[in-house]
Amino acid sequence: MRRRLSRPTLPANAGIQIEPKSVFATHSARCRVNINRPGWIWAPAFAGEVGYWGVGRLPSEPTRPPLRWTEVKPVSPEILALAGLWTLLLEAVIAGMLLLILVDRIAPPQDLPWKPFSLDQPIGLATASKLSRIASDPAACRAALREGGLTVVDQPEKDDGFCSTRDTVRASGKLSPAAPVMTCPMALRYALWERQVVAPAARERLGQPVVRIDHLGTYACRTIYGRPGERPSEHARANALDIAGVRLADGRRITVVRDFRRDTEEGRFMRGVRDGACRVFGVVLSPDYNAAHADHLHLDAGRWTRCG
Ligand SMILES: [Zn+2]
């Protein structure tokens, strides 16, 4: 419906002509120069006719007679400036809304913070923010695990000083030993990592599905590295998991201690799942970090961030 404004011959009393500054700014000018063609004019701007300003469709037949040039009054520069500002604002709002609709339609859900989280979505731009949001909502965390097809069993709270655990669950998955007690946010992050990082990496790099992920434990009542005076480890809250290796359907076993540093597909796989873990967990520590992690990947859902 957009028409280009052609410079019309205006009657002498038509007042000030408004030059179009942008797509929407032309409406105010249209009002003026096409005032005798009611129907298509829906100008939001009021610059053109101080007599008929407002938002919406301008008067059209048959309820009222077409406007005449004589009804158009000159407008002051102040009103023109205000109208320019108004149309610019309206243009920005409409453009923003159109952009939002377009993004909502074409962008994948994992990149859009307002779309619901799912374990079936690959890791995207909004995954971290969704995980953080769910972490503070125990019901949403359990719902996300169950919607992902996992069995979730709530665990009792444990009061034991700095080793107290809250919001813990046992969730199904490929971990061995099976279903260790973990905080729900940790279980959710682990499930996402298993499904969207480890499984695809094993398929693509090693041509095999993963059947088991060996771990060294989640809960341990200790400080960091067990040193006295250190702050409590995330293991003390069951908010961490140590991964030792992966078993494939063909029987192959890939371990952190043997394969992580090797220049083999298995080694690249191990380093790849460590890198992928950094997009899911707050802290990820591997043999690259220090000797204490030579045989496992430490993954935790604490508030610190480190990828090493
Ligand atoms: Zn650990």
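Biologist: So strands here are DSSP runs of E, at least two residues long and numbered from the N terminus; with that settled, where is the place of D167?

Modeller: In this predicted model, D167 sits in the loop between β1 and β2.

Biologist: OK, and what is phi doing at D167?

Modeller: The phi of D167 is positive, at about 55°, although the residue is not a glycine. For background, most residues other than glycine have a negative phi.

Biologist: Is D167 buried or exposed?

Modeller: D167 is buried, because 22 other C-beta atoms lie within 10 Å, and the cut-off for calling a residue buried is 20 or more.

Biologist: Let's move to the sheet. Which strands form it, and in what order?

Modeller: Three strands make up an open sheet, in the order β1-β2-β4, and their pairing is antiparallel. The edge strands are β1, covering residues 152-154, and β4, covering 182-183, and each of these pairs on one side only.

Biologist: How many bridges are there between β1 and β2?

Modeller: There are three bridges between β1 and β2, which pair in the antiparallel sense, and V153 stands opposite R170 in β2.

Biologist: And how many join β2 to β4?

Modeller: Strand β2, made of residues 168-171, is joined to β4 by two bridges, and these strands run antiparallel. If you look along this pairing, you will find V169 opposite M182 in β4, while T168 has T183 in β4 as its bridge partner.

Biologist: Changing topic, what kind of peptide bond joins S176 and P177?

Modeller: The bond between S176 and P177 is a cis peptide bond, with omega at about -5°. As a general point, most peptide bonds are trans.

Biologist: Where should I look for P177?

Modeller: Look in the loop between β3, which is residues 175-176, and β4, where P177 has its place.

Biologist: What about A179, where is that one?

Modeller: A179 is placed in the loop between β3 and β4, and its phi is near 45°, a positive value in a residue other than glycine.

Biologist: Why is A179 called partly exposed?

Modeller: A179 is called partly exposed because 17 other C-beta atoms lie within 10 Å, and that label covers counts between the exposed limit of 12 or fewer and the buried limit of 20 or more.

Terms used. Residues numbered from 1 in each chain as written. Predicted model: local features only at pLDDT ≥ 70, side-chain atom pairs only at ≥ 80, totals over all residues. Pairing = 2+ DSSP bridges. Helix = DSSP H or I, 4+ residues; strand = E, 2+ residues; numbered from the N terminus.
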